[in-house]
Amino acid sequence: VTRGAGRVGGSRNATAHHVHRLARNLARRKFVAPATQVPAALRDISYDQYRQISFRPEKAPWTQDDLGFELQLFPSGYLFPEAVSVFLVEGGRSRRLAADASLFDFGPLAAEVPRGAVIGFSGFRIHAPINRRDHYDEFLVFQGASYFRGVGRDHRYGLSARALAVDTTGEDAEEFPVFRSFWIERPETPEAITVHALLDGPSVTGAFTFVIRPGRETLMDVASALFPRRDLATVGIAPLTSMFLKAAHDPEGPLDFRPSVHDSDGLAIWNGRDERLWRPLLSPSTFQVSAFVDDNPRGFGLIQRERRFEDYQDLEAFYELRPSGWVTPGETWGAGSVELVEIPTAVEYEDNIVAYWRPEKPLRAGRAYPFTYRLAWCNDVPASNRLSVHDTRIGAGSRPGVLRFVVDFADKRAMDRLADSAAILRDAPPTAFLEPDLSASGGTLAGPYVQFNPHLPGTRVVFELDPGEERVVELRLALSAQGEPMSETWLYRWVA
């Protein structure tokens, strides 16, 4: 029993303190893999069969109370054999939910799962009226290792987050710590719900508190404490995982009737020098890692910026409705880098993109490392008065072996600023005041040429790259006006 689970505020509440103590003590012991609790009928089922299993809504905790949230559970099975413990925290006390087959409707598998079968919980989902006041929509899921995913208003599920990335780019095989237990607090208001989680893995344990506020943007304030069992040199904080298969800026994509196929199309970074960066994602032919060195970052995220049906022409996937994920550090994170991992893939159901913050110094065994941040499931990066990258397109240049790049920048407020300046000269377009700064790590550049694009409205920059004998070329482009930054900084890695 956990007593005194009160309001999450400036100090850790009793449940958070309890989970913190569990994680610290667990780190002193050798890792033991979590148990599996799966009836035989659920061990080797297909994705479609697992989807036919549903939680019985009448069994949900708090369904008779006007709390603004509804909780539903998932059974162990399919790809999720490990059982997790789920506790409800009410009135300063916690009670463990019993996993019972009677909580679920097993559909066509019902005859094979006895009513008294021993099962486990593999995770849970939370519902709230984020789209309509009279209907509770699923907006958040915790299931599988330490993965979770969320949506804001009018979104469909896309990218995922997880508690921690371990050895994603190291020489050893990647490690996937798991959430062993969850404590879900009875909501005090319909605005927020709090979830605590205990993380455990061969190399690290951790205590996490998520204060979740659903809405147009679903916001998660995350407070964590990590306890390494060994020194961790390649660790990722606040990792995001997504899928990118093809778009107009990646000409090597597969033959597909759809112009674009992706959950996210760019990595955005707001670094400690107040520079806004945009790196279009790629589906590379080889494993690629990019590190963006920084000190005290202001935010980063995997962003879905193509928002029209015409961008995808897919009547089933609704890629234009996938959320973006934006991480805002809640404290000084110090020196390190935003690391982007791009993995080859030929299919759209495999996540092949990972982004996270990697601290400059290793996390040492036997110590505690706190990290706090806010994760927003949103449409785009926080608003600024700078032009943002709207599109990147690549095609054949003016002669064989030469590439033509077309980069469109757009933002109504930034264009309004330029238009006000241009009004000083009656016939001058806003682009007359923009100065492009283009550079390449190798090869030969031609251009850039700046054009006003009235269809956005915005600014188009066109240039050509002759890579020559270079196998990799890093490109960089930004716009300024009278020395003042006017755009995100566009970054692109061309690989032969």
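This is a predicted model: local features need pLDDT of at least 70, side-chain atom pairs count only at pLDDT 80 or more; totals for chains, interfaces and linings use all residues.

**Salt bridges.** For this page I call it a salt bridge when a side-chain nitrogen of Lys or Arg is within 4 Å of a carboxyl oxygen of Asp or Glu. Residues are numbered from 1 along each chain as its sequence is written, and side-chain values use heavy atoms, with hydrogens and water left out.

With that rule I get 30 salt bridges. Which residues are linked in a network of salt bridges? I found Asp256, Arg258, Asp314 and Glu348 joined that way.

Next I looked at single pairs. Arg162 and Glu174 form a salt bridge, with 3.2 Å between the closest N and O atoms. This pair links distant parts of the chain, twelve residues apart: Arg162 is in strand 9 (residues 160-162), and Glu174 is in the loop between strand 10 (164-166) and strand 11 (178-185). Here helices (H or I, at least four residues) and strands (E, at least two) are DSSP runs, numbered from the N terminus.

Are the two partners buried or exposed? I use buried for under 20% relative accessible area, exposed for over 50%, and partly exposed for in between (1.4 Å probe, protein chains only). Arg162 is buried because its relative accessibility is 3%, while Glu174, at 28%, is partly exposed.

Arg229 and Asp200 meet through their side chains in a salt bridge of 2.8 Å, N to O. Arg229 lies in the loop between strand 14 (218-228) and strand 15 (235-242) and Asp200 in strand 12 (residues 193-200), so this pair ties together parts 29 residues apart in sequence. Both Arg229 and Asp200 are buried.

I also noted Asp221 with Arg213, a salt bridge of 2.9 Å, N to O. Asp221 is partly exposed at 23% relative accessibility, and Arg213 is partly exposed at 33%.

**Helix 1.** I counted along helix 1 (residues 14-26): it has 13 residues and reaches 18 Å from its first C-alpha to its last, close to the 18 Å expected at 1.5 Å a residue. The expected span is 1.5 Å times one less than the number of residues. Its buried residues are Thr15, Ala16, His18, Val19, His20, Ala23 and Leu26. They pack against strand 3 (85-90), strand 11, strand 12, strand 13 (204-213) and strand 14, where contact means heavy atoms within 4.5 Å.

**Nonpolar cores.** A nonpolar core, in my notes, is a set of buried Ala, Val, Leu, Ile, Met, Phe, Trp, Tyr and Cys residues joined through side-chain atoms within 4.5 Å. The largest one has 86 residues, and Phe179, Phe210 and Met220 touch the most other members. Apart from it lies another core of 31 residues, among them Val381, Ile394, Leu475 and Met486.

I followed Leu475, which sits in strand 31 (residues 472-481). Leu475 counts as buried because its relative accessibility is 2%. Not counting residues up to four places away in sequence, its contacts include Phe405, Phe463, Trp490 and Tyr492.

**Asn352.** Where is Asn352 found? I placed Asn352 in the loop between strand 23 (335-342) and strand 24 (353-359). Asn352 has a relative accessible area of 1%, so it is buried. A polar atom of its side chain lies 2.9 Å from the backbone nitrogen of Phe244. Leaving out residues up to four places away in sequence, Asn352 touches residues including Ser242, Met243, Ser283 and Thr345.

I checked two prolines. The peptide bond from Gly447 to Pro448 is cis, with omega near 10 degrees, and Pro448 lies in strand 29 (residues 444-453). The bond from Leu456 to Pro457 is also cis, with omega near -10 degrees; Pro457 is in the loop between strand 29 and strand 30 (458-466).

Last, I noted Tyr78, which has a positive phi of about 60 degrees although it is not a glycine. Tyr78 is in the loop between strand 2 (70-75) and strand 3.

Methods. A polar contact is a pair of N or O atoms within 3.5 Å; within protein, one must be able to donate a hydrogen and the other to accept it, and residues adjacent in sequence count only if both atoms are side-chain atoms.
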